[in-house]
Amino acid sequence: MNLYLGIDFGTTGARSTVIDSHGTIHCETEYTFANNGQQQPELPSVWENALWDSIEQIPPAIRNQVRAIALDGTSSTVMLCNTDGIPVCEPILYNDARGAAVTERLRAIAPDNHTVLSATSSLAKLLWWQEGGHGGTAPTVFLHQADWLAWMLHGKLGISDYHNALKLGFDVDTLCYPNWLIEGIAGAATPELPKVVAPGTPVGEVRAQVGDRFGFPRDCLVCAGTTDSIAAFLASGVNLPGEAVTSLGSTLAVKLLSHTRVDDSRYGIYSHKLGDLWLVGGASNTGGAVLRHFFTDVELENYSTQIDPEQESLLDYYPLLKKGDRFPINDPNLPPRLEPRPTDSVEFLHGLLESIARIEARGYQLLQELGATALTKVYTAGGGAKNSVWSAMRKRYLKVPVVTPIHTAAAYGSALLAKHGTQIERG
């Protein structure tokens, strides 16, 4: 039997899914990061342990039938490595806005309203490293989280996919790095940029030592990956323009399948290439991490059942754990708004859920105002998909059907990417 392995690196942990040629799931594993995967010098070790543990949990009889592997990571989580693949400084996470310090240089380099014009973009982080001389004088390689983890499997350093590379400035129309980018980062401390291929492209066979350790077939292929939110989109099976996927995980990400490409850095909106169509969307720092800051999972479940989703909350929050958002307001200094806080926990949760629903609805409204295909249906991925009260609340704001797809896990989407290889890019 031919099996396909997808591994998802999200905000708080790693998950794996193994499927067969029919898309049937044969195995799923889960690994929670130490310290919830927050910024720390040991992050590469945390990720490496998660990768090996996620694979180790898969029964040997399944591992030895895996024909292809694909991996996704959080978008704009980046690293600087030496030419042996060893990180030379602490990775910078997807939502880290230290790039705000190089805004002036970024604007001098990039075209107006370009996707990279964000304090959290991959390019902003690269420039921040350059300004601080963090790479030293020895040659370095700039990688995304998914690139580095895939390298541990196939051993070919410096290969990325054009979903991860979008916020670095890679041009998905011409499929190359634009001149403004190459010239803008040129200098003594310029790292080598990764070679970019289409998501799902076979990169190479799994390294011999990895194959021997886990019992993968010798010809098991490692394919170029994608970002975690696109992997969740792929898992949903959405293929009609106008349909969208909202990922309600630690953060909120929206992706709308559109005939038209929309890019506007003023609002943190960007488009990924998906076959002949465009995946238009953005990602906000609001989401489940804010809810978990105030409530346990048990409390969230119990309090939600006491909320009438048809009754509008009068509380108007902008739920963030720290200042700064990326979409639909792209402002690294945007302050959280969590007051007034009522004494009634149910009322407080109602206000939080409804406020996040408003942010989601505003996001989709913006996409359409700027020319994306009209929204017809929203599929929900992530932990928030399980909350039926929240779904009913969101439907009231979105004014289209809100449904949960059969498959919602990003790891399942990455397994599909492994299965279809480059074919998935053609729809």
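**Helix packing and backbone exceptions in a predicted model**

Let me begin with Gly237, which follows helix 8 and has a positive phi, near 80 degrees. Helices here (H or I, at least four residues) and strands (E, at least two) are DSSP runs, numbered from the N terminus. Residues are numbered from 1 along each chain as its sequence is written, and side-chain values use heavy atoms, with hydrogens and water left out.

Helix 8 itself, residues 228-236, is mostly covered, since nine of its nine residues are buried, where buried means under 20% relative accessible area, exposed means over 50%, and partly exposed lies in between, for a 1.4 Å probe and protein chains only. Among those buried residues of helix 8 are Asp228, Ile230, Phe233 and Leu234.

Now to helix 10, residues 297-304. Which of its residues are buried? They are Leu300, Tyr303 and Ser304. Seen down the axis of helix 10, these buried residues fall within an arc of 100 degrees, so they line one face of the helix; the arc is that of the directions from the helix axis to the C-beta atoms. The face of helix 10 turned away from the buried side carries the exposed residues Val298 and Glu301. The cover over the buried residues of helix 10 includes helix 9 (288-294), helix 11 (345-369) and helix 12 (388-398), with contact meaning heavy atoms within 4.5 Å.

That brings me to the helix pairs. Two packed helices are described by the angle between their axes and the distance between the axes. The axes here are lines fitted to C-alpha atoms, for helices over the stretch in contact, and angles run from 0 to 180 degrees between N-to-C directions. Angles under 35 degrees count as roughly parallel, over 145 as roughly antiparallel, 65 to 115 as roughly perpendicular, and the rest as oblique.

For helix 10 and helix 11, the axes come within 10 Å and cross at roughly 90 degrees, and the two helices are therefore roughly perpendicular to each other. Leu300, Tyr303 and Ser304 in helix 10 meet Ser345, Val346, Leu349 and Leu353 in helix 11. The residues of this contact divide into five nonpolar, two polar and no charged, where Ala, Val, Leu, Ile, Met, Phe, Trp, Tyr, Cys and Pro count as nonpolar, Asp, Glu, Lys and Arg as charged, and the others, Gly among them, as polar.

The axes of helix 11 and helix 12 come within 9 Å and cross at roughly 40 degrees, and these helices are therefore oblique to each other. Their crossing is right-handed; a crossing is left-handed if the near helix is turned anticlockwise from the far one by less than a right angle, and right-handed if clockwise. The residues that make the contact include His350, Leu353 and Tyr364 of helix 11, together with Trp390, Met393 and Tyr397 of helix 12. By type, the contact of helix 11 with helix 12 holds nine nonpolar residues, one polar and five charged.

Among the residues in contact are Trp47, Leu51 and Trp52 of helix 1 and Trp148, Leu149 and Met152 of helix 5, and the contact divides into nine nonpolar, one polar and one charged.

Finally, the backbone. Most residues other than glycine have a negative phi, and most peptide bonds are trans.

Ser76, in the loop between strand 4 (66-73) and strand 5 (78-82), has a positive phi near 70 degrees, and Ser76 is buried, with a relative accessible area of 1%. Lys399, in the loop between helix 12 and strand 17 (402-403), has a positive phi near 60 degrees, but Lys399 counts as exposed, at 69% relative accessibility.
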